[in-house]
Amino acid sequence: MLLAKRVLVSCPLLFAALFSQSNDEGIYDGEIDLEAFEVIVNAIDVIDGFTGDEYIGDHPVVWQFVDTFREYLMTYHKKLLQDEIAHMNFRWETGVKAEQTMIALLDSFDMEGFQVNKEQWLVREDAITRRLITKPFFKIEALVVWDLERLDRMRPIMPDTQYAKDIHYNEELGKWERRVTTRWKVSYWHPNDTDNGGWQANILKQQGLNLDTNRGFHLIENGLTHKVHPGAFYDVKLTYPIFFSYREPVEEQVKYLNETYITNLYHIYDPYSWIAHRETRFRGGFAQDVYRHVEDERLKLNDREWFDRVFANLLNDAVTMEFLGYNEVYDLHAWYTYRNFQNVLGEGLDLLNWKKGEKREVEPREINTGIWINFNHPGGARWIVLDAYMRHTDRFLAAIRNRLLNLESRSSGKQLITEAIEEVTGMPFDKYYPLAKKAQEGMIAQFRDRAIRN
C-alpha cells in the first residue's frame, strides 16, 4: 500500500529523473535518454563456446537471436525504469492518502499524534533508479554459442574453456541446460547519524538462474542501508549462453530462445531486489507503526498484548482495503506464509551446484500449508475481527469506538471486541465464531493455493 516518493515519467522512452534528497515533490526540469545504455547493448560480442574466440559460423538461429537480443535488452531496461517509476508514483500517492486516513481513524479513537517517519522512504529506490538511468547494473559482455550436436558427440567430456562452467548435461532429463550466475557488489561509507564516525558497508548479493527452467538462487548477506548512493554499485559483467541445433526447425529454436530470454531477464535483472523480494516491496501498510502508537496509549484494558496487536491489524487492514481492496490483505499474507522465496530466484530454488567445488547451501524452510485461526491468539483473532469488519465496516468500528472511549474500569480487550461483534452481527459470539472461522479459512485457502501455484 505504501512508501513511495513522487517521481515523474515523461514518455515511454524518456524518463524524468528522480527527486533530489531535498525536493520531496520530485520535480526535474530535464529529460533523461538512455544513449549510454544503447552503446553498451550494441557492443555485445558473440563467442564460440568451444574455442573462446569470436563466433564466425552462419547458423541462422544464432544471428536471428542476436538481432532480437539487443532489442529485447534495451526494451526491458526501459520498461523496468518506466514500471518502477510508475509503481513508486502509485505507492507514494496511495501512501500519503493512506497515512492521512490512518491519522483520522486513530484520532477518532482519541489516539492522536500518529505519524509515519518518511525520512527513509524510497532512499534506496532513489539510489538504484538514479544508477539505472545513467547506466545499466550489469553488462552482458557476450553471447556464448554452443552447437548441441557437437556437445552430444563430446559427452561426457566437457569443452575446455571458461564458458563451459555455465552449461551442463542433466542426466535425469537427458538434455543440456544453461545458467547465468552473478555477483552484485555494493560498497560505500555509512556515516553514523550522530556525525561521529561511521563504518564501511560492503555488501554482496549472489544470484544464479537456470535459463531453461527459470529456477535459481538468491543469496544476500544483508540489505542496503539508507546511506547508499548511486555510485556505490559495482558493475556486474556476465555472459549469456545459447544452444542451437541442426536437427530442429530454426523458427522453433528462435522462438524458444526469445521466450526464455524475456523470462530470464525478469528474474535476473531486478536490481531492486537489494531491498526486498519483488512481490513484497512497498507492501504491508502501517501495521508496525500503528501497533507502536497504540501500545503507547493508556487504555483501561488488562490484555494489552492481545488487544493492541488485534486492534492495530484491524485498522491497518481497514485502510489497506479502502485503497487497494481486500485482495491485497490476503495476497500478502499468502506470500509471506506459503511461499519459500527467501533464497529463491525465479520459479523455484535451484542452487546450481553444477561444477566441482560449488557447494552452495541454504537452510530449507519448512512450509506448513495448513490454516490456523484461533481467537485467543492475536494472529488468529485478526481474521475473525476482519470478517466482522468486511461485513459491517463502519458500524463495527463504531461499536468498538463506543466501548473503548467509555470504559469506566479496567476491562478485557478480548471481551470488548467480542461484545462489539455481537452487537453488529446480532448473534452470540459462540454462534458467529465458527461461521466466521470457516469463511475466513476459505478465503485464505484461495490465496494460499494461488501463491503455491505461482
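**Reading the core and the salt bridges**

Tutor: Of the chain's 454 residues, 51% count as buried (under 20% relative accessible area; exposed is over 50%, partly exposed in between; 1.4 Å probe, protein chains only). The model is predicted: local features need pLDDT of at least 70, side-chain atom pairs count only at pLDDT 80 or more, and totals for chains, interfaces and linings use all residues. Residues are numbered from 1 along each chain as its sequence is written, and side-chain values use heavy atoms, without hydrogens and water.

Student: Which residues touch the most other members of the largest nonpolar core?

Tutor: In soluble globular proteins, nonpolar side chains tend to be buried together. A nonpolar core is a set of buried Ala, Val, Leu, Ile, Met, Phe, Trp, Tyr and Cys residues joined through side-chain atoms within 4.5 Å. Here the largest has 58 residues; Val290, Phe307, Leu315, Phe396, Ile400 and Ile417 touch the most other members. Helix H9 gives the largest share, 12 residues. Helices are DSSP runs (H or I, at least four residues), numbered from the N terminus.

Student: How far apart are the closest N and O atoms of arginine 130 and aspartate 126?

Tutor: Side chains of opposite charge can pair when their charged atoms come close. A salt bridge puts a side-chain nitrogen of Lys or Arg within 4 Å of a carboxyl oxygen of Asp or Glu. Arginine 130 and aspartate 126 form one at 2.7 Å. They sit 4 residues apart in helix H3, so about one helical turn separates them. Aspartate 126 is buried at 3%, whereas arginine 130 is partly exposed at 28%.

Student: Which residues are linked in a network of salt bridges?

Tutor: Lys165, Asp166, Arg179, Glu358 and Arg360.

Note on methods. Helices (H or I, at least four residues) and strands (E, at least two) are DSSP runs, numbered from the N terminus.
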